[in-house]
Amino acid sequence: MQQPEPQSFDRVLSSMCTEPHPAAREAAERFLATNPGDPATYEAVASLEERAIELLATLAEHPTPTDAAGYVTSGGTEANVQAVRSARNRHDASDVNVVVPESGHFSFHKAAELLDVELRTVPVDDDFRTRTDAVSAAVDDATALVVGVAGTTEYGRVDPIPELTRIAHETGARMHVDAAWGGFVLPFTDGEWSFDDAAVDTLTIDPHKFGQAAVPAGGLLARDAAALDALAVDTPYLETRSQATLTGTRSGAGVAGAVAAMEALWPDGYRDAVERATANAEWLASALAERGYEVVDPELPLVAAALPRSEFDALREAGWKVSRTSHGELRVVCMPHVTREALRAFVADLDRIRE
Ligand SMILES: *Cc1c(COP(=O)(O)O)cnc(C)c1O
């Protein structure tokens with residue numbers, strides 16, 4: 001029988017995942033049968049995970065990366081759920097709430113439901129950034145966490161993280177930055193988003209997106225160990241005493257792949273990838289603008305443009321994996337696998353469709 005083959009990345013324009021770096025693929029395969037959830041048994045992968053956290057903390061500009069706490073999660077969803085859980089567990093009030101911008105990822109809805117916390121959704125401004133006045137109005141004594149997004153899923157926008165952090169801390173809440181996608185792009189921009197830019201408590205940063213690691217490799221980082229301690233439960237049958245992760249057994253492939261990718265690419269490889277992706281996004285944005293479409297200015301390498309439904313459908317039919325924002329705009333994520341050549345072919349197909 002013929003082996004099933006995964007999809008090719010040639011026409012994938014909507015995914016936030018990408019082709020893993022060869023070193024990540026190789027390391028992931030090598031560590032497939034390891035379980036960082038049981039660090040006393042799987043010691044090699046456990047020490048790789050410490051390395052992963054130190055590297056991620058370096059990317060996220062932690063002032064002393066060796067002091068950062070965290071772990072390699074199954075993805076941004078788990079990291080966000082755990083950030084909400086940690087803040088809830090550390091907050092004094094019983095009926096807590098979490099303030100999230102409407103641009104926040106849907107994982108916060110899962111978190112709110114799972115953890116039985118109230119989600120207070122606040123609007124964004126005309127440029128899709130969280131309105132700080134709305135956050136100020138939404139917080140109260142029962143607010144355990146304020147969330148800011150650094151690189152929104154739909155438009156790649158960065159919220160005003162220092163200002164949101166100030167509001168959070170003044171009201172006695174914790175501050176979480178969701179940089180699941182943006183975390184591997186923002187170190188090469190002048191955006192303010194990191195542990196160094198503000199007194200952020202926790203941060204989501206996913207190696208399996210722009211980090212070019214193999215899935216599953218998300219990341220939860222905390223400024224210090226207290227945020228993780230608030231997640232720990234006793235683990236009677238393991239040699240280690242407690243576990244802060246949400247999953248029990250987890251893939252050592254994610255951990256090993258993340259370390260291999262970061263060691264191969266940080267910082268020059270990632271910088272090159274970001275520069276290429278940014279140039280591609282600008283190229284695509286102007287190609288679409290020249291054809292009369294309304295384009296959202298790509299601040300990070302993510303292009304959104306208003307295309308008629310019929311043209312969008314025809315592009316899908318032509319094999320392009322594109323998606324739409326909640327407002328219906330075409331959304332193209334310029335991941336490392338998205339080449340200029342692919343974008344030229346995409347625009348040529350669009351021209352053909354428009355004839
Ligand atoms: C992708 C993404 C997530 C979710 O991450 P998964 O790895 O898919 O669970 C969360 N937040 C943001 C901003 C994202 O872009």
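**Exercise 1.** Which elements do the buried residues of helix 8 pack against?

*Solution.* Keep in mind that this is a predicted model.

Step 1: Find the buried residues of helix 8, which include Gly252, Val255, Val259, Met262 and Leu265.

Step 2: Look at what they pack against: helix 1 (22-30), helix 2 (43-59), strand 1 (69-73) and helix 9 (268-290).

**Exercise 2.** Check the span of helix 8 against its number of residues, then see what caps its N-terminal end.

*Solution.* Step 1: Helix 8 covers residues 252-265, and its 14 residues at 1.5 Å each should span 20 Å. (The expected span is 1.5 Å times one less than the number of residues.)

Step 1: The end C-alpha atoms of helix 8 sit 20 Å apart, so the two values agree.

**Exercise 3.** Describe how domain 1 and domain 2 meet.

*Solution.* Step 1: Get the bounds from the domain assignment: 22-265 for domain 1 and 268-354 for domain 2. Their C-alpha centres are 28 Å apart.

Step 1: Go for the contacts. On the domain 1 side, 24 residues touch 23 residues of domain 2.

Step 2: Turn to area. About 2000 Å² is buried between the two domains, with 65% of that coming from carbon and sulfur atoms.

Step 3: Finish with the polar side. Between the domains there are 10 residue pairs in polar contact (both at pLDDT 80 or more), and the salt bridge count is 2.

Terms used:
Residues numbered from 1 in each chain as written. Predicted model: local features only at pLDDT ≥ 70, side-chain atom pairs only at ≥ 80, totals over all residues. Heavy atoms only, no water. Helix = DSSP H or I, 4+ residues; strand = E, 2+ residues; numbered from the N terminus. Buried < 20%, exposed > 50% of the residue type's maximum accessible area, 1.4 Å probe, protein only. Contact = heavy atoms within 4.5 Å. Polar contact = N/O pair within 3.5 Å; in protein donor to acceptor, adjacent residues only side chain to side chain. Domains from an automatic or database assignment. Buried area = accessible area lost by both parts, 1.4 Å probe. Salt bridge = Lys/Arg side-chain N within 4 Å of Asp/Glu carboxyl O.
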